[in-house]
Amino acid sequence: SSCLAFEIVTFSKSRLVRFLTMVEATRGMPRSNMAPRWRLAGASLLVATSYFASQRGYVFTRGLRLPSTAAPRQPGLSQEAQIRNVVAMRAIDYSSGMAPQTEEEKSESRKYAKRFEDILTGGKDLWAKLVRKWEAEGKASPRFYFVGQNGNMGEEVLESLLSALSYVQAADGTWFWDRDHEHGKYGGFEWTLWNSDRKLSSSSKIAPTDLYMENEEEYREKETEIIKQFAALPDASHPMGMVIGESAILRKENQDIIKTGIVVFCDTDAEYVWAKTQYRPKSGGGLYTTPDMMDRPPVWALANGWDGDPDDTEAKMEYMKIVTQTAKSCEEFADVRLRTDVSGVVENSHWGAERLIKSLNDLYGFTAVGEVGADEENLRADLEKFLESARLSKYLEPAMKWAEEQGAASIEDIAENLEDFSEAIGLKPLEKKRLEKIAATVVVAS
């Protein structure tokens, strides 16, 4: 299959024409009943794949997880604390024919490469400042606790954030995007990530749902014990984070433990997570999704039989009511809130990490890399990205003028006064709607 994939990517136009001609020529040939007409379908698939392969310079692999065997074992550390060479966004392999060809493609490729490098270096700088702050207060390195509803991309965003915090810049200045990741020249990322639901599932003698239904108190005790185990892990030089089960945040004992670290609430619309956790791929669709890659409902929803039926209206209304109430508790408790069900984060978890890094810098009063003496330049760069995300780049100059007149120093200031901002720069109704969607992705720090 790998050879076939390589052939598809590197198929020249002339070979493609010859192949399609051959397929066309065989149409009138006699066929047995046992031989399906797969050639035309195969040719169509080839054309489609060749088209997407031609979109060079925009290659992302969101949520990519390499097997644990890809990580070198470190003596004296548990499997959870091993170095994980997670290549969250692979550099383009130019030898495969994916290299940008036109000047526009090259420009776009370098733009995204720089943005990703800025996220990584910003995360590295933030981690160093957090460690110094915690040490000055006589505390161990901070740990991250992600709370919120099931299906909120919490694990993906946490993984992206930990990758950025643990980034090691290359001695030769090579950007991550341009590195050769196959031969280990530049090493990997080092961080620890736990998921309380998965830990409980692996440690329980029976299925977590069965345990919850038989003895909810025992289930909650196990949940708390796992959170305690994570909090008791020896302090490490690398970042550590934990995704907390949806309703575990409601227990006071768990809150006391979690509050010792940095709490991030990945907020989502209740209807959105209902649809996401209830979705199941149809059998016979040709694509297999492993169970561990699907978003599952929380244990209390499974106990009620709410699983795999997005059209169950009665269950949906009750589910949304409970989830909305839990979300309110999470927001009151968290240090930072991030909307993860909006454009700009759903497509790529690294853009969520980017917003978190900026928000955490603001929360703790840190100055991000390059900000000293360059506030206007930074605002211009941020505003350019902000408007570009909504396809409103032509409004950059009037937007900068408004920011200067109103004293807006950040994108957050603009998002909080979006109505005045939109009116001042003369946005049309549809343009305003696009901007509102992008503004919803701005992180709110409390």
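**The second largest pocket and its neighbours**

Visitor: Which helix gives the largest share of the lining of the second largest pocket?

Guide: H6 does, with 4 residues. Helices are DSSP runs of H or I, at least four residues, and strands are E runs of at least two, numbered from the N terminus. This is a predicted model: local features need pLDDT of at least 70 and side-chain atom pairs 80 or more, while totals for chains, interfaces and linings use all residues. Residues are numbered from 1 along each chain, and side-chain values use heavy atoms, without hydrogens or water.

Visitor: OK, how many residues line that pocket?

Guide: There are 42, and Asn195, Arg198, Met294, Asp295 and Arg296 lie nearest the centre. (A pocket is an open set of 1 Å grid points where a 1.4 Å probe fits, with protein on both sides within 12 Å along at least five of seven lines; lining residues have an atom within 4 Å of a point.)

Visitor: Which other elements take part?

Guide: Those supplying at least two lining residues each include strand S2 (143-148), helix H5 (154-165) and helix H8 (216-231).

Visitor: What does Arg198 pair with?

Guide: Its side chain forms a salt bridge with Glu155, at 3.2 Å from N to O. (That needs a side-chain nitrogen of Lys or Arg within 4 Å of a carboxyl oxygen of Asp or Glu.) Glu155 is in H5 and Arg198 in H6, 43 residues apart.

Visitor: How many salt bridges overall?

Guide: The whole structure has 29.

Visitor: Back to H5: which of its residues meet H4?

Guide: Ser163, Ala164 and Leu165 do, with heavy atoms within 4.5 Å. Their partners in H4 include Ile119, Leu120 and Trp127.
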